[in-house]
Amino acid sequence: MVSNWDALWTNARVATMASGHAAYGLIESGAVAVKDGDIVWAGECTDLPPDAVASCNEVLDCNEQLITPGFIDCHTHLVYGGDRARDFEMRLDGASYEDIASAGGGINATVQATRQVSEDELYQQALPRAQRLMADGVTTVEIKSGYGLSTASEMKMLRVARRLGEHHPLTVKTTFLGAHALPLEYAGRSDEYIDLVCSEMLPAVVEGGLADAVDAYCECIAFTPQQIERLFQTAAEFNLPVKLHAEQLSNLHGAALAARYEALSADHLEYLDEADTELLAAHGTTAVLLPGAFYTLGETQLPPIEALRQNSVPIALATDCNPGSSPVVSLLLILNMGCTLFRLTPQEALAGVTRNAARALGMADRIGTIEPGKRADLVLWRVREPAELSYRIGEHLCDAVMYGGRMR
């Protein structure tokens, strides 16, 4: 007997994305049942209880279309002020990073724009980006700070991110990225700035309940592994998980540092080497690849995909939505980029925005697959084959979305 399921999606092809199953964990003629916000049943339609349809509050005939878990964008900088279109134009004309910065562009231009706008205006600028992600079936998004670079502005960004999750069905995970870049007022004093991040910013963010994780940028244009380790030690004192922008432009072995601190993820990774790949595997750290930044910046150094595969490192994909290097607000586009630029298979790409993206946020116990006990974040697509989600470019493929058991 069915105990009054709240919703039943039936007559569908269901890509459960459950690990250890055949390709996509695909159920050819399947159904998914929901109660109290969670998935309570998933399987072949022929195995449904006899009274399932009659006793269910809401039944949706999916017309043999595809159901997947809700998409998860596990690395974004979605909250920021202004734009960097001029930087893009200058870069295409051959300007260097230094040229752009000296002309008033670069990350500090975004910092100034973010500091200057009110919290309400920052929310209004971020809202269309969040809504665009939702149009592509995103049900969970991670949003980083990192364009405030002062205690007040970093907290403002994180409050806006929390507000997006409070006012919309989208689940928002927030990450404190105070160690993103060196603000102009601390030029030449990076150790002092890290002191500020550790002794003032992070404690204030924790007291305000504004962060679910801590991130940093380990690179020659940002911070050294030694400086980031100080931040990771402080994060540990507050029982916050860490993640890291690492090996994007060079190999400073930031990924190895992240792995030693049991990081949820190491992100970018174009210059990751074999030994550090093995460390990621040993410590269960997810590799988050960001093809939008690779594309926008015209990079040529590919992440070591085969080494990640051989070492069974989970690979996630994300938009890296940000004004400077990845002004991307379509996770479907990122699926295609992951396949065409990084040579991932469509199955790897889809796992990268579902099962493995959930791991990158420390949420694999609740989201990322279609299994009983998981939160009922589901997407119905106007396609039959899972590979079509990576193959089609620019089409609106999303037919219906369920957020925690509710259609919105």
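Glu 142, Lys 144, Asp 215 and Lys 243 are joined in a network of salt bridges, a salt bridge being a side-chain nitrogen of Lys or Arg within 4 Å of a carboxyl oxygen of Asp or Glu. The structure is a predicted model, in which local features need pLDDT of at least 70 and side-chain atom pairs count only at pLDDT 80 or more, whereas totals for chains, interfaces and linings use all residues. Residues are numbered from 1 along each chain as its sequence is written, and side-chain values use heavy atoms, with hydrogens and water left out.

In the whole structure, 23 salt bridges are found. One of them joins the side chains of Arg 159 and Glu 119, at 3.0 Å from N to O. Arg 159 belongs to helix H6 (residues 151-167) and Glu 119 to helix H5 (residues 119-135), so the pair ties together parts that lie 40 residues apart in sequence; helices (H or I, at least four residues) and strands (E, at least two) are DSSP runs, numbered from the N terminus. Arg 159 is partly exposed at 34% relative accessibility, and Glu 119 is partly exposed at 25%. Here buried denotes under 20% relative accessible area, exposed over 50%, and partly exposed the range in between (1.4 Å probe, protein chains only).

A salt bridge also links Arg 132 with Asp 136, at 3.2 Å from N to O. Arg 132 is partly exposed, with 34% relative accessibility, while Asp 136 is buried at 3%. In the salt bridge between Arg 392 and Glu 388, the closest N and O atoms are 3.0 Å apart; Arg 392 is partly exposed at 28% relative accessibility and Glu 388 is buried at 15%.

Asp 276, located in helix H10 (residues 274-283), is buried yet has no salt bridge. The nearest side chain of opposite charge is that of Arg 260, 6.6 Å away, where Lys and Arg count as positive and Asp and Glu as negative, and His and the chain ends are not counted. With residues up to four places away in sequence excluded, Asp 276 touches Asn 251, His 253 and Ala 256 (contact: heavy atoms within 4.5 Å).

Seven aromatic pairs are counted, for which the ring centres of Phe, Tyr and Trp (its six-membered ring) must lie within 6.5 Å; planes under 30 degrees apart count as stacked, over 60 as edge-to-face and the rest as tilted. The pair of Trp 5 and Trp 41 is tilted, with centres 6.3 Å apart and planes at 35°. Trp 5 lies in the segment before strand E1 (7-15) and Trp 41 in strand E3, 36 residues apart. Trp 5 is buried at 9% relative accessible area, and Trp 41 is buried at 18%. Phe 294 and Phe 342 form an edge-to-face pair, 5.2 Å from centre to centre with 75° between the planes. Tyr 186, Tyr 193 and Phe 223 make up one aromatic cluster.

Charged groups also sit over aromatic rings, with NZ of Lys or CZ of Arg within 6 Å of the ring centre and within 35 degrees of the ring normal. The charged end of Arg 129 is placed over the ring of Tyr 80, 3.6 Å from its centre, and Arg 163 lies over the face of Tyr 123, at 4.1 Å from the ring centre.
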